[in-house]
Amino acid sequence: MLRSTRGVALITLAMLNVFTLAAGVVLARMLPPRLALLKPVTVAVRSAVPVSPVLGEVTDGPLPTSSGLSAALAGPLSSPVLGPGVAAVVADTAGQVVYARNGSEPASPASTEKVATAIAALDVLGPGAQFSTRVVSGPGDSIVLVGGGDPTLTAAPAPSSDYPQPSSLEDLAAQTARALGAEHRTRVQLGYDTSLYTGIAIAPGWPTSYITSGDVTQITSLEVDQGRLTAAGTPEDADDPVNFRARSADPVGIAVSAFAAFLRGDGITVTGSPAAAAAAAKAPVLGSVSSPRLSAMVEWMMQESNNVIAENLARHVAIAMGDPASFAGAATAETAVLRRLGSGPGVQLSDGSGLSPQDKIAPEALIRLLTGAASPQHAALRPAITGLPVAGFSGTLSAGQSVFGAIGGSARGVVRAKTGNLTTVAALAGFAYDRDGRLLVFVFNAASIPHAADLQSAANTINAAATALASCGCR
């Protein structure tokens, strides 16, 4: 019986093989002749391109010496293109300073100030904080769109490829229309409430060219797409950090008009013209959308050097600290938080982004904040570090994203830092692994570049200093 079963199995397998071969021949004749040119994929015996790790092996190498660092950094930091008063501080992650030059002198930080803003916001608000934009019922047939200070809010939904995904007014309008429909309401008067923030909308020291050159928009608790516009003048519902077209001169008006249009698209008639209105404290909520978590917004801000996000985060620090949600109130609140965290007295702020030339931060203060954020005792502050651009790979340390985008060589992949530049300021603040695998904290700041035309050369020179730090053992 066993022999008979084995014979039947062999015959069946043979017939299957014949059928498979025949089917293959028929199929090959049916396919287009061009497919006959296809060749099977092969794997090279050896690598076609030599590769090396982006990050070398991390070791607890010896700490560099002050004399070794002085020798390594003397060349780039003495370049006349940087101007007088160049500041530099290098420390280990425990905060032990091993090299300092003008480190205690407050100087314009430019966008390296965003390190301080990120740390203050994360400490006071927590990495899981979110900001909500709401619609509430008003008196009579009115509804009120209430700005919640969400700097990432878009008009229409952002592309699905954008990360983190922001909330949108279009979604909020759909929620509102459904709630109104449930109440059998199809006609409304639209009001808007921007009272969360107070004071002037442009910081002391900001020229109007910041808006026309696409650096920032007026700071308000209700706006969309950070005031960025398409060539057609409509809100740009995609994250585009290199859109340097003029931003909206009326961010509130753009947001309210977009919301009204979405409501109409959802079948709600908006009567009259939208007008400023105060939302009642306990008014029924018709719809609400929330920003990404603060941890994600901080990383977004750091990668792009996003000024609008920075200014909004500073306002939320003020609100949490009980100070007015204005430029002055935010500066007061942020300074108090930073001093509590150990920055020392070397922090004098006018805004939260570093755009104002009136801002002053001593490099040693930034070193203390960075080492604090890296310590196990302050795990909630970690996004201020994980958001830092990586040299040659991401954010403003990658090609075409800022004047520091050409950084490479030994810094590539092992320097992680916040960039900062104004017309005559070039600065880097962050972390670097040196040749021995020792993790170092550094701040380089040239705050008195002689001529605006020298900015790119100065940024290249600061890059050279970071590269020198990464390429030496410096003992």
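**Notebook: pockets, cavities and backbone of a predicted model**

I began with the open spaces and found that the largest pocket has a volume of about 630 Å³. For this entry I took a pocket as an open set of points on a 1 Å grid over the protein atoms alone, with protein on both sides within 12 Å along at least five of seven lines; a cavity is a set of points where a 1.4 Å probe fits but cannot get out, and lining residues have an atom within 4 Å of a point. Grid points are joined across faces, edges and corners, and a volume is the space filled by probe spheres set on the points. I noted that 29 residues line the largest pocket, and that Asp-215, Phe-244, Ser-305, Asn-307 and Asn-421 are the closest to its centre.

Before going further I recorded the basis of the entries. This is a predicted model, in which local features need pLDDT of at least 70 and side-chain atom pairs count only at pLDDT 80 or more, while totals for chains, interfaces and linings use all residues. Residues are numbered from 1 along each chain as its sequence is written, and side-chain values use heavy atoms, with hydrogens and water left out.

**Entry: the largest pocket, continued**

I looked up which elements give two or more residues to the lining of the largest pocket, and they are helix 7 (294-304), helix 8 (307-321) and strand 10 (415-422). Helices (H or I, at least four residues) and strands (E, at least two) are DSSP runs, numbered from the N terminus. Strand 10 supplies the largest share of this lining, four residues. By class I recorded nine nonpolar, 15 polar and five charged residues in the lining of the largest pocket. Here Ala, Val, Leu, Ile, Met, Phe, Trp, Tyr, Cys and Pro count as nonpolar, Asp, Glu, Lys and Arg as charged, and the others, Gly among them, as polar.

**Entry: the second largest pocket**

I then turned to the second largest pocket, with a volume of about 190 Å³. Eleven residues line the second largest pocket, and Val-414, Arg-416, Phe-431, Tyr-433 and Leu-439 are the closest to its centre. Strand 10 and strand 11 (425-433) are the elements that give two or more residues to this lining. Strand 11 gives the most, with three residues. The lining of the second largest pocket divides into nine nonpolar residues, one polar and one charged.

**Entry: strands 10 and 11**

Six of the eight residues of strand 10 are buried, so the strand is largely enclosed by the rest of the structure. I used buried for under 20% relative accessible area, exposed for over 50% and partly exposed for values in between (1.4 Å probe, protein chains only). Strand 10 and strand 11 pair in the antiparallel sense over eight bridges; two strands pair if DSSP finds at least two bridges between them. The two strands form a hairpin with two residues between them. Within this pairing I located Val-415 opposite Ala-432 in strand 11.

**Entry: cavities**

I found two cavities of 30 Å³ or more in the structure. The largest cavity has a volume of about 90 Å³. It is lined by 14 residues, the closest to its centre being Thr-154, Asp-225, Gln-226, Ala-238 and Asp-239. I counted this lining by class as five nonpolar, three polar and six charged residues. The second largest cavity has a volume of about 40 Å³. Its lining consists of Ile-119, Leu-341, Leu-369, Gly-372, Ala-373, His-378 and Leu-381. Helix 10 (residues 363-374) gives the most to the lining of the second largest cavity, with three residues. That lining holds five nonpolar residues, two polar and no charged.

**Entry: backbone details**

I noted a cis peptide bond from Tyr-163 to Pro-164, with omega near -5°. Pro-164 lies in the loop between strand 4 (142-146) and helix 4 (169-182). His-184 has a positive phi of about 60° although it is not a glycine, and this residue lies in the loop between helix 4 and strand 5 (187-193). At 74% relative accessibility, His-184 is exposed. Cys-474, also not a glycine, has a positive phi of about 55° and is found in the segment after helix 12 (455-471). With 7% relative accessibility, Cys-474 is buried.

**Entry: the chain as a whole**

The chain has twelve helices and twelve strands, and buried residues make up 51% of its 475 residues.
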